[in-house]
2 protein chains.
Amino acid sequence: MKLLSALVLSLISFVSLADDGSRLWLKYDLIQDEAYRKSVQKAFRQIIVLDQTETTQVAADELQKALSGFTGKTISINNSPANKSIVLKLGSDPRIQKNEGFTISSTSKGAEIISPSDEGLLYGAFALIRRIQTGQSLDFELAESPKVQVRMLNHWDNANGTVERGYAGSSIWKWFELPYRIDPRYIEYARANASIGINAASINNVNASSRFLTAEYLEKIKAVADVLRPYGIKVFISVNFRSPRTLGGLETSDPLDPGVRQWWKYKTEEIHRYIPDFGGYLVKANSEGEPGPQDYGRTHADGANMLADAMKGHEGVVIWRAFVYEADPNGDRFKEAFNQFKPLDGTFHPKVIVQVKNGPIDFMPREPFHPMFGVFPKTPLAMEFQITQEYLGHSTHLTYLAPMFEEVLDSDTYAKGEGSTVGKVIDGSLNNYQVTVMAGVANTGSDANWTGHPFGQSNWYAFGRLAWDHTLSSEQIAEEWTKMTLTKKPKAVKEVVDLMMKSHPTYVKYTYPLGLAHMMGEGHHYGPQPWLEKSGRPDWTSVYYHRTAKDGIGFDRTGGMSDALSLYSPDVQKAWGDPQTMDLNYLLWFHHLDWDYELPTGKTVWNELMTRYYQGVDEVEELQKQWNSLKPYIDQEIFENVKGRLAIQHKEALWWRDSCYLYFKQFSEKPLPVGLEEPKRTLEDVKELEHIYHLR
Amino acid sequence: MKLLSALVLSLISFVSLADDGSRLWLKYDLIQDEAYRKSVQKAFRQIIVLDQTETTQVAADELQKALSGFTGKTISINNSPANKSIVLKLGSDPRIQKNEGFTISSTSKGAEIISPSDEGLLYGAFALIRRIQTGQSLDFELAESPKVQVRMLNHWDNANGTVERGYAGSSIWKWFELPYRIDPRYIEYARANASIGINAASINNVNASSRFLTAEYLEKIKAVADVLRPYGIKVFISVNFRSPRTLGGLETSDPLDPGVRQWWKYKTEEIHRYIPDFGGYLVKANSEGEPGPQDYGRTHADGANMLADAMKGHEGVVIWRAFVYEADPNGDRFKEAFNQFKPLDGTFHPKVIVQVKNGPIDFMPREPFHPMFGVFPKTPLAMEFQITQEYLGHSTHLTYLAPMFEEVLDSDTYAKGEGSTVGKVIDGSLNNYQVTVMAGVANTGSDANWTGHPFGQSNWYAFGRLAWDHTLSSEQIAEEWTKMTLTKKPKAVKEVVDLMMKSHPTYVKYTYPLGLAHMMGEGHHYGPQPWLEKSGRPDWTSVYYHRTAKDGIGFDRTGGMSDALSLYSPDVQKAWGDPQTMDLNYLLWFHHLDWDYELPTGKTVWNELMTRYYQGVDEVEELQKQWNSLKPYIDQEIFENVKGRLAIQHKEALWWRDSCYLYFKQFSEKPLPVGLEEPKRTLEDVKELEHIYHLR
């Protein structure tokens with residue numbers, strides 16, 4: 001026994017010293033608070049499954065795993081009722097609004113989870129686990145239903161294993177091993193998603209390879225679908241619109257061509273033979289060089305409706321992306337999706353959902369909500385958020401994105417008067433959509449901790465929670481995640497949440513203050529490159545966006561350069577039309593202002609801009625100090641990991657600040673506001689630094 | 001205590017059920033054999049370090065970690081002599097031939113490790129650990145010295161995190177996190193290498209980005225070098241020959257230009273300010289489109305010598321790759337490196353080593369040894385093996401490569417009469433080289449288990465062991481690795497070793513029997529494509545190599561198509577010149593033979609070829625059965641992992657067999673030998689399958 005103890009202790013220290021983050025927020029460690037642990041132990045002595053399905057089995061296993069971990073005692077699973085149990089029961093309750101909803105009635109003598117569906121029971125199980133994991137009272141009543149039907153991750157994962165805009169290793173999908181080898185991480189992935197209510201995943205990049213529609217690959221995708229199914233997750237495939245030519249040997253991919261339509265019909269039937277509950281297609285068409293119906297003089301509706309027709313008789317849907325824009329140097333990319341899609345409202349097949357990015361450009365760190373939201377009464381619009389931090393610091397910056405997601409979801413479109421929020425557009429309540437979707441571009445990769453930056457996990461978590469219920473607050477989500485993932489010490493939780501809540505505003509300050517956008521390094525999107533003047537397309541440069549000149553900075557969208565503001569409802573136009581009263585975070589998205597223009601802050605545009613850049617860097621230093629103070633409360637490996645990344649973030653924040661100051665100063669010809677210290681380097685220095693990252 | 005036990009048991013089961021392979025062969029688990037465990041406990045009660053350096057500290061820590069794990073008791077580290085200790089002592093011993101060598105005197109009352117260098121003590125520590133880990137007697141005397149000085153991994157890792165020919169996730173080097181975050185895996189990597197004697201690593205792809213020579217990146221590389229240094233590992237950088245233009249702004253990179261020479265001199269000095277013990281440069285020049293001295297009418301020697309001059313006053317060396325060939329449809333790639341380099345022998349700077357791939361083409365599954373070996377008396381030649389399985393099944397085929405490495409190292413060049421083996425060329429004993437190098441292209445990646453296929457780890461292990469001592473047998477290495485990594489049960493060890501030893505011959509049978517080569521899928525090198533007739537260059541096709549026609553198959557290198565055999569010594573020419581007496585494994589490398597030509601096996605070429613293809617597939621089925629029988633002895637996760645991959649291997653072996661049979665049959669117009677079953681698919685089917693993997 002002595003030997004065993006020694007071994008045990010070394011194992012414990014091994015486990016606790018080496019938190020590599022692979023367990024995400026699903027950490028079912030022994031509850032440290034003895035009284036609470038005992039109350040959990042007493043209340044829940046077994047798990048009762050009344051309706052045996054693959055999914056209820058998963059729910060029971062998860063409860064067993066969690067409670068055994070929490071209490072240090074193995075909890076059994078049975079199928080006949082008993083006291084002090086957790087009972088999983090298919091059934092109805094007037095408080096449950098949707099099939100995936102559930103209720104939990106919990107006391108110190110057991111809990112009952114009820115749902116009309118076994119997926120609902122699984123979500124209920126995870127909700128109960130979350131309650132316990134975050135140390136809440138066992139005496140409660142809970143009724144939840146998801147606000148959005150399809151809660152989805154979009155993987156931009158390529159067939160060769162790379163991930164477009166991935167910063168955490170390679171793809172989690174091992175296509176060369178499938179279908180014969182099932183990586184145990186697929187199951188961990190499914191658990192993690194189910195725990196936050198995600199019920200759909202498109203498994204390949206929207207810049208899609210036709211490869212995924214071949215029998216060879218459908219067999220592989222089937223193997224993935226079979227793993228994900230018991231966790232309530234449906235698989236979607238991103239399709240290449242040229243597939244009838246590439247794979248079918250047809251001479252066209254014209255969506256009105258009978259042969260093409262037939263090909264998609266057959267292909268869709270074939271997919272269903274592998275995956276009977278196939279989620280559907282995700283399509284990037286006529287966008288950034290991808291093929292699409294416009295290649296044949298057809299509309300997006302022609303293309304989408306053809307695929308929807310092919311889906312006839314099946315549950316699946318067609319998610320068609322609105323991320324389209326043309327390379328017009330005199331145009332305004334801001335307006336293009338709106339202009340292309342608005343005339344099509346009312347012409348889409350009922351199975352088609354149009355997926356719109358949160359803002360009109362491309363996942364910039366802060367964008368005004370997309371003008372399409374609210375004004376497509378006849379076309380269900382899906383929200384596309386980006387969880388992976390393409391423009392938000394990759395995996396080296398700590399940027400908690402929930403406040404940004406929340407800002408968009410809470411934005412008021414005024415489409416049907418005050419309170420017509422984007423959230424209500426997405427959940428279908430504003431326009432009575434029959435299908436509702438919220439998608440997030442995944443930040444998952446093959447790295448042990450899934451997301452590279454340990455705080456990247458919180459963005460995956462927050463996306464799922466908000467897709468389930470967009471009225472949850474960012475703070476609440478941050479608090480849940482922190483308690484489940486990092487620490488349960490109240491003081492430390494408070495600090496971590498505070499740090500998370502500050503992180504996005506800080507990031508915006510040192511990169512894109514006052515509504516600047518799109519000044520990152522070309523192609524790789526790493527580091528600042530505000531001087532970028534030439535690229536493959538004018539709307540891939542930086543100068544296209546900031547419009548900096550001797551006379552000032554910003555993109556006038558109030559009529560001069562572009563009348564994009566007019567795409568919004570009159571109330572929004574009013575709110576954003578006047579620099580003196582508007583939210584300054586969107587200022588330069590809509591106004592081109594003289595460097596000396598005085599803002600309501602009392603500062604000129606130049607001084608306000610520079611002050612924010614400098615504040616951003618100072619705030620990173622604050623984040624560093626705050627994190628350092630948390631050392632006693634955080635696992636050592638995670639602590640050092642985040643500490644190292646914060647040091648990089650600080651270096652890069654300085655890089656952004658110095659680059660933007662030195663570049664803009666050429667136009668403003670103004671000094672830094674009093675008290676701000678001149679950078680130690682020149683514009684040439686920072687240009688050279690950016691250049692390094694463009695070397696092959 | 002009861003609670004603790006439950007916890008402990010769950011931890012133990014957690015650990016033992018989930019061997020993700022991340023610990024490689026460094027598994028310091030409790031010794032199960034109680035008597036042996038007690039004898040280890042009694043013999044080694046503490047670790048005594050007499051000479052405190054960073055490296056002896058690492059050695060002591062490793063011994064502590066290992067012995068504490070083996071015995072379940074914490075072993076202390078002290079610095080004053082005592083009984084029953086492991087003593088690490090700097091000193092000399094007549095049996096130690098090289099600075100990194102060591103002796104171990106071990107009895108049941110303690111052990112003493114002596115070396116003239118602290119690296120030698122580290123190697124000694126690992127040797128003692130290996131002895132214990134493989135369950136050998138504690139009573140022994142050991143004296144070892146490495147046969148080769150620079151034992152090196154070549155990482156083909158790109159700046160963007162991808163790995164050229166990597167099949168285990170992305171790069172282990174996190175360039176965007178360095179220098180501020182030190183991934184704990186760098187230390188694991190260093191430990192693993194030190195444990196097998198690897199003392200050098202070139203950290204970036206030979207298709208090199210200039211980025212690695214900028215101050216920004218040198219700071220990152222310095223951080224890596226600082227981690228690796230205590231483990232005795234020196235860092236090399238692969239350089240882009242055009243760097244003086246790309247980075248220095250010069251108008252030329254001509255190695256005879258004084259400005260260029262000055263630039264490299266300064267750059268080399270700068271590197272040494274970051275990394276005082278810099279290993280040196282690795283160069284791929286004028287090869288497959290890379291820049292080089294020939295761009296300016298200069299020779300490889302001009303280029304290499306310039307870099308060597310720049311290294312003056314430092315320990316570093318210049319490793320110049322001989323992998324060069326021209327796209328001549330009427331030439332023979334087999335001869336090109338020889339012809340370009342032979343005239344240069346004697347003209348290289350003493351700091352230059354020419355690195356030659358094991359065979360004349362490109363890491364084919366079985367190649368005759370490179371004709372350069374043995375005939376460069378004045379130029380040290382380094383061996384370049386490929387550990388990553390570019391042509392050997394990526395990470396889906398179980399292919400233990402040590403027998404292949406051994407076959408090359410044991411090949412007799414006859415350069416100075418019988419016994420002039422390639423091994424003696426490489427270890428310098430044949431030509432009295434002053435610097436000796438063996439390099440292996442790494443198979444490491446960011447996946448938890450480092451190498452994708454669990455057996456990929458054995459190839460990393462075997463490379464290191466052979467670089468240390470090329471006279472070790474493949475069986476011995478396989479046995480060591482198996483005991484350390486998979487199982488210690490004698491019966492199971494025997495089966496695993498048997499399976500490993502059969503694996504390479506089996507792979508060759510179903511892909512490239514009788515000396516065929518280079519018929520893999522274009523570009524990605526996945527799957528068979530013997531029909532490939534057109535590519536960017538003639539010597540990138542398949543038909544260039546197999547020369548299949550109505551009249552037979554094979555590349556005549558005995559004078560007709562090419563006289564490449566004449567590059568070898570007369571004894572080798574004699575051995576390989578006659579199809580009736582030669583090793584049939586090299587047959588079609590040198591002979592173009594009629595399909596009906598009767599081989600000494602009694603079969604015609606056609607029948608022998610087809611018999612081998614079919615045997616290969618049958619043998620994979622045998623491997624599968626053999627592996628299945630090992631289930632009780634192998635960790636469940638590893639067992640399932642390998643089982644899944646063997647199923648893929650079987651599918652792909654069939655794919656190779658069917659593709660080659662169906663393709664070659666068009667020319668031979670012959671039936672399969674009696675008893676072999678016709679494939680169920682057509683040539684079109686297998687072509688289509690290969691085509692899928694070429695879709696974007």
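Because the model is predicted, local features are reported only where pLDDT is at least 70 and side-chain atom pairs only at pLDDT 80 or more, whereas totals for chains, interfaces and linings use all residues. Residues are numbered from 1 along each chain as its sequence is written, chains are lettered from A and ligands numbered from 1 in the order in which they are written, and side-chain values use heavy atoms, with hydrogens and water left out.

Helices (H or I, at least four residues) and strands (E, at least two) are taken as DSSP runs and numbered from the N terminus. The UniProt annotation "domain: Glycosyl hydrolase family 67 C-terminal", likewise from an unreviewed entry, covers residues 451-675 of chain A; here the chain is 54% helix and 0% strand, with 39 Å between the end C-alpha atoms.

Chain B is superposed on chain A by a rotation of 180° with 0.0 Å of shift along the axis, at an RMSD of 0.0 Å. The two copies are thus related as by a two-fold rotation axis.

At the interface, 53 residues of chain B are in contact (heavy atoms within 4.5 Å) with 53 residues of chain A. Of the interface residues of chain B, 100% are also interface residues in chain A, so the copies meet through the same surface. The area buried between the chains, that is, the accessible area (1.4 Å probe) that the two parts lose on being put together, summed over both, is about 4,700 Å², and carbon and sulfur atoms give 62% of it. The rule for salt bridges, a side-chain nitrogen of Lys or Arg within 4 Å of a carboxyl oxygen of Asp or Glu, finds eight across this interface. One of them joins Glu216(B) to Lys651(A), with the closest N and O atoms 2.9 Å apart. On the side of chain B that touches chain A, the elements giving two or more residues are helices H1 (2-17), H6 (215-228), H20 (636-668) and H21 (683-692) of chain B. The largest share of that side, nine residues, comes from H1(B).

Over all chains, a search of the whole structure finds 89 salt bridges. Within chain A, the side chains of Glu112(A) and Lys89(A) form such a pair at 3.2 Å, N to O. This pair links distant parts of the chain, with Glu112(A) in strand S5 (residues 110-115) and Lys89(A) in strand S3 (residues 85-90), 23 residues apart.

Backbone geometry was also examined. The peptide bond from Leu178(A) to Pro179(A) is cis, with omega near 0°, and Pro179(A) belongs to the loop between strand S7 (150-154) and helix H5 (184-195) of chain A. In chain B, the bond from Leu178(B) to Pro179(B) is cis, with omega near 0°. Lys84(B), although not a glycine, has a positive phi of about 50°, and this residue lies in the loop between strand S2 (76-78) and strand S3 (85-90) of chain B.

Note on methods. UniProt positions renumbered as here; feature names shortened; annotations may be inferred. Least-squares fit on C-alpha atoms with pLDDT ≥ 70 in both.
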